[in-house]
Amino acid sequence: MLKRFVGEVCGLAGLFLFSFVPGQMNAQTSPIATGIEGIISIGPTHGGPIHEGESASAPLANFAFVVAGAAGDVAAFTTDASGNFRIPLAPGRYSIKAKEPKARFPRCGPFEVEVTAAGFNTVTWECDTGMR
């Protein structure tokens with residue numbers, strides 16, 4: 001009985017203390033409202049001329065990128081099956097490059113972007129397959 005009473009008192013005391021922690025809990029759990037989002041494609045998709053009505057590029061699906069700021073790498077992301085991505089970042093200047101830059105494509109970034117306090121910047125970037 002005494003153990004149960006002590007447990008209840010400790011639990012209530014913990015709830016009481018957490019109700020007075022100023023904003024620190026919210027700062028850690030609140031999402032960043034700025035960053036970059038967009039689509040990355042790759043082209044040309046085949047050698048030779050592009051015919052009317054034919055797409056010259058395709059989404060760069062499931063491809064990994066690294067985001068670097070002034071102090072070095074700050075984040076990483078992978079495009080989805082349609083080449084889309086969304087990455088929250090604090091305002092600042094960033095350079096985005098392929099995680100394995102020499103693995104598949106000769107020219108895929110780096111892409112330079114500035115994130116402002118205005119929200120998410122929407123970008124459209126194209127990587128080059130090297131086909132001609």
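Reader: What is the mean pLDDT of the chain?

Author: pLDDT is the predictor's confidence in each residue, from 0 to 100. The chain has a mean of 79, and 73% of its residues reach 70 or more. Residues 1-7 have pLDDT below 50, and this stretch makes 0 contacts (heavy atoms within 4.5 Å) beyond near neighbours in sequence. Where pLDDT is low, the predicted coordinates should not be read in detail.

Reader: How many helices and strands are there in the chain?

Author: Both are DSSP runs numbered from the N terminus: helices are H or I with at least four residues, strands are E with at least two. The chain has 2 helices and 8 strands, in the order α-α-β-β-β-β-β-β-β-β along the sequence. Of the contacts with a separation of 6 or more, 57% are between residues 24 or more positions apart.

Reader: Which residues have the most contacts inside the largest nonpolar core?

Author: Buried means under 20% relative accessible area, exposed over 50%, and partly exposed in between (1.4 Å probe, protein chains only). A nonpolar core is a set of buried Ala, Val, Leu, Ile, Met, Phe, Trp, Tyr and Cys residues joined through side-chain atoms within 4.5 Å. Here, buried residues make up 30% of the 132 in the chain. The largest core has 22 residues, and Ile-36, Phe-65, Ile-96 and Trp-125 have the most contacts inside it. Strands that each supply at least two of its residues include E1 (35-43), E3 (64-69) and E8 (120-128). Leaving aside residues up to four places away in sequence, Ile-96 touches several residues, among them Ile-36, Phe-65, Phe-77 and Trp-125.

Reader: Which cysteines does a disulfide join?

Author: A disulfide is a pair of cysteine sulfur atoms within 2.5 Å. By this rule there is 1 disulfide, between Cys-108 and Cys-127, with an S to S distance of 1.9 Å. Cys-108 lies in the loop between E6 and E7 and Cys-127 in strand E8, 19 residues apart. Both cysteines are buried.

Reader: How many salt bridges does a search of the whole structure find?

Author: Side chains of opposite charge can pair when their charged atoms come close. A salt bridge is a side-chain nitrogen of Lys or Arg within 4 Å of a carboxyl oxygen of Asp or Glu. The search finds 3. In one of them, Arg-86 pairs with Glu-37, the closest N and O atoms being 2.4 Å apart. This pair links strand E5 to strand E1, 49 residues apart. Arg-86 is partly exposed at 49% relative accessibility, and Glu-37 is partly exposed at 22%.

Reader: What of Arg-93 and Glu-114?

Author: Their side chains meet in a salt bridge at 2.8 Å, N to O. Arg-93 is in strand E6 and Glu-114 in strand E7, so the pair ties together parts 21 residues apart in sequence.

Reader: Is Asp-128, the partner of Arg-107, buried or exposed?

Author: Asp-128 is buried, with a relative accessible area of 17%, whereas Arg-107 is partly exposed at 45%. Their closest N and O atoms are 3.1 Å apart.

Definitions and conventions: Residues are numbered from 1 along each chain as its sequence is written. This is a predicted model: local features need pLDDT of at least 70, side-chain atom pairs count only at pLDDT 80 or more; totals for chains, interfaces and linings use all residues. Side-chain values use heavy atoms; hydrogens and water are left out.
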